[in-house]
Amino acid sequence: MWFQKIGKRSEEYLNTNRRCLILKKYILLFVVLILALTGCASETTTKSKGEKSKKEETKEITFTIFNDGVGVDQKLVDEFNKSHDKIHVTYRPIAGTELQDRLITWMAAKDKSLDVVGLDVVWTNQFAKAGWIVPIEDYISDDFKKEIKDNFIQAPVKAQTIDKKLYAVPWNTNGGLIYYRKDLLKKYGFEPPATMDELVQQAEEISKKEGIYGYVGQFKRYEAIVANMTEFFEAYGGGIIDDKGKIIVNSKENLEALKTVLRLKKVMPAGANTYVEKESQETFLNGSVAFLRAWTNVWNLAQADGSKVKDKVGMIPFPGDKEGKAVSTLGGWNLAVSAYSENKEAATEFIQWLADKERQKIKANEGGRLPVLKSLYEDTDVTSKNPAFKEFYDVLVNGVMRPKVANYSKVSDIIQNEMSLAFTGDKTPEQALKDLQQQLEETIK
Amino acid sequence: MSTLAKQKAKWGYIFVAPAVIVIFAVAIYPLLSTFYLSFTHKDLLDPTSDGFAGLSNYKKLFSDILFWESLKNTLIFVVFSVIFELIFGLGLALLMNSAIKGRGIIRAVALIPWAIPTVVSATMWLWLYNDQWGFINILLTKIGIIDHYVAWLSDPNLSLFAVIFSDVWKTTPFMALLILAGLQMVDQSIYESASVDGASKLRQFFSITLPMIKPTILVALLFRTLDSFRVFDLVYVMTSGGPGHSTEVLSLYAYKTLFKELNIGYGSALAVAIFILISIISVIYVKVLSSREEI
């Protein structure tokens with residue numbers, strides 16, 4: 001066997017080279033140990049040394065956010081690096097589904113390599129309460145503070161304000177809304193629904209006469225069911241947690257909202273409780289449903305080639321129980337500075353640059369993201385490229401926040417579970433709300 | 001020991017050192033660390049919560065309905081998926097082992113499901129099960145088994161079995177591959193003498209094949225039981241534990257507690273519980289295996 005041969009050969013070798021062997025052995029052991037123990041560390045030490053010598057001129061910071069898939073963020077970072085010689089930004093895009101887990105792991109390890117981080121609207125509270133991000137309010141310039149106060153849409157700003165302090169700068173926003181089939185509504189002589197009751201009636205009638213589904217949303221047991229249910233609760237004047245932090249789940253308003261959902265369920269596809277964004281929007285784009293609750297991105301999909309509902313789609317804010325009332329769950333991305341960053345000032349400067357008018361415009365025009373700066377909704381450069389943005393504006397000002405609590409993930413999981421049980425019919429609406437109230441009280445305290 | 005032997009032994013230690021260091025760093029240290037954390041109140045969202053918790057996390061575990069629910073789901077998943085994988089895997093292995101035409105193609109094709117990354121095949125099954133355009137619905141209505149489309153993953157009574165079915169599809173080839181290896185070790189001359197003695201094919205299967213490949217089957221069962229006990233990606237992609245918690249399994253629950261809720265203390269206790277349960281299963285299998293070999 002080959003290894004026996006090697007063994008024999010090395011034995012011979014051992015015998016003939018006894019003397020220098022001991023020395024060699026120690027050298028080898030030393031090398032192995034060095035490699036094993038400092039292999040990874042050596043790279044970082046040399047790097048930080050290099051950084052130190054350069055520090056006087058250039059500050060190195062990183063920008064970690066979800067991969068936008070269209071390269072706009074990369075472009076912005078390149079542009080920043082070209083125009084600023086005091087700060088150099090390294091762009092670190094992460095897949096959207098992974099970002100939260102990765103950030104949490106890094107933050108828990110107090111990783112100093114994080115500087116600017118992009119946060120989904122619902123994460124900020126958690127990160128702030130854990131002490132992972134600094135209140136950005138203490139770092140930004142007075143001018144920029146005024147800009148946010150006067151010229152930003154206030155719903156996203158409010159969502160990033162925790163204990164009266166702004167923790168992250170809203171960068172772009174998003175909201176849930178109702179898409180409807182213009183052609184079908186016209187066919188049956190309906191005006192776009194002004195209240196939730198009207199929507200339900202229209203959905204039922206169109207479904208019955210047209211032989212298609214009436215309504216579709218996202219009711220799978222995951223994050224979006226929370227957004228969907230929050231909208232219904234708010235529409236009927238209910239909610240999950242009030243401004244004072246009291247849990248107000250078990251109310252007659254919420255019961256009415258939940259019963260409306262169950263009534264609408266009869267005109268939803270049978271698998272509605274397994275649908276996420278993708279399945280629900282496919283149903284709509286295929287022309288199989290009259291009303292769709294979705295985020296703002298579906299508008300462009302509906303107008304694209306290959307969509308069966310091209311030019312047949314209208315959009316309204318999520319209607320309330322009374323005319324003139326509208327709600328929408330807030331989404332969107334925000335920029336924060338890590339508490340472990342060694343260059344917080346440079347990071348803040350980069351955030352201010354990213355969130356200024358010029359950059360929000362690029363993000364809107366090339367990335368299709370809804371700006372948080374009010375004036376851009378009147379800007380002809382933006383509106384000519386995205387005619388729908390004007391209509392989104394009304395939706396966004398009415399944005400409502402999902403529960404703002406430190407342990408949002410746990411709270412969200414409880415809501416997901418109880419609402420999924422109620423939606424599937426495993427629990428009566430009354431029981432589900434009662435159980436949800438009780439569990440949230442135990443969890444939040 | 002002679003000097004030479006000592007020398008050799010020393011070199012042996014040096015050569016295994018990197019492997020031992022790596023195993024210690026990626027397996028033993030995290031395991032011990034999880035044990036330690038399961039006795040603390042550590043909660044990442046609350047920087048002050050670092051105190052020693054004693055057994056309180058484990059006490060909580062015993063009264064946690066969700067833990068028992070997910071344990072029940074996990075056990076159902078393990079039992080059904082492993083049994084069906086064994087039956088189909090055995091059949092497939094016999095087919096792959098027989099001297100029929102196109103055996104090479106069968107072997108290659110049979111391995112495809114196993115070669116697809118789980119996340120990809122889970123997404124594929126998600127669409128196959130779709131209540132509007134899913135192929136399963138189309139197929140079953142065409143051949144007349146069901147008269148209207150069924151939302152397979154929507155019904156709490158069906159969803160777990162729908163997930164089990166996808167798992168059986170995916171891992172049967174693995175089972176078949178292991179059993180095939182066992183089949184090929186069986187000496188052909190035994191069959192020859194059996195047929196000379198007039199034993200039927202069926203008799204040969206039960207009296208020769210099955211006893212001869214029993215150790216292989218047990219090893220394959222061990223692998224699959226442990227593997228399916230830790231099922232995560234399939235459920236995560238297909239149902240995220242829903243509807244309700246009808247498909248919540250232990251690893252998914254531990255993952256949510258650890259990485260979504262950031263409750264490191266309790267999450268570690270869950271992980272330790274999984275570790276202990278898996279150890280018990282392994283010990284039982286190993287006992288059965290070694291007693292077989294003694295005979």
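Predicted model: local features only at pLDDT ≥ 70, side-chain atom pairs only at ≥ 80, totals over all residues.
At what angle do the axes of helix 18 of chain A and helix 19 of chain A cross, and within what distance do they come? The axes cross at roughly 170° and come within 10 Å, where axes are lines fitted to C-alpha atoms over the stretch in contact and angles run from 0 to 180 degrees between N-to-C directions. That makes helix 18 of chain A roughly antiparallel to helix 19 of chain A, a word kept for angles over 145 degrees. The residues of this contact (heavy atoms within 4.5 Å) divide into ten nonpolar, two polar and three charged; among those meeting are A:Lys410 and A:Ile414 in helix 18, and A:Gln439 and A:Thr443 in helix 19.

Residues are numbered from 1 along each chain as its sequence is written, chains are lettered from A in the order in which they are written, and side-chain values use heavy atoms, with hydrogens and water left out.

Now to the second largest pocket, an open set of points on a 1 Å grid with protein on both sides within 12 Å along at least five of seven lines. Its volume is about 1,100 Å³, and of its 31 lining residues (an atom within 4 Å of a point), A:Lys410, A:Ile414, A:Gln439, A:Glu442 and A:Thr443 lie nearest the centre. Helices 18 and 19 of chain A, together with helices 2, 3 and 12 of chain B, each supply at least two residues of that lining, which divides into nine nonpolar, nine polar and 13 charged residues.

Definitions and conventions. 1 Å grid on protein atoms, 1.4 Å probe; cavity = no way out; pocket = protein on both sides within 12 Å on 5 of 7 lines; lining within 4 Å. Points joined across faces, edges and corners; volume = space filled by probe spheres on them. Helix = DSSP H or I, 4+ residues; strand = E, 2+ residues; numbered from the N terminus. Nonpolar A, V, L, I, M, F, W, Y, C, P; charged D, E, K, R; others polar. Parallel < 35°, antiparallel > 145°, perpendicular 65-115°, else oblique.
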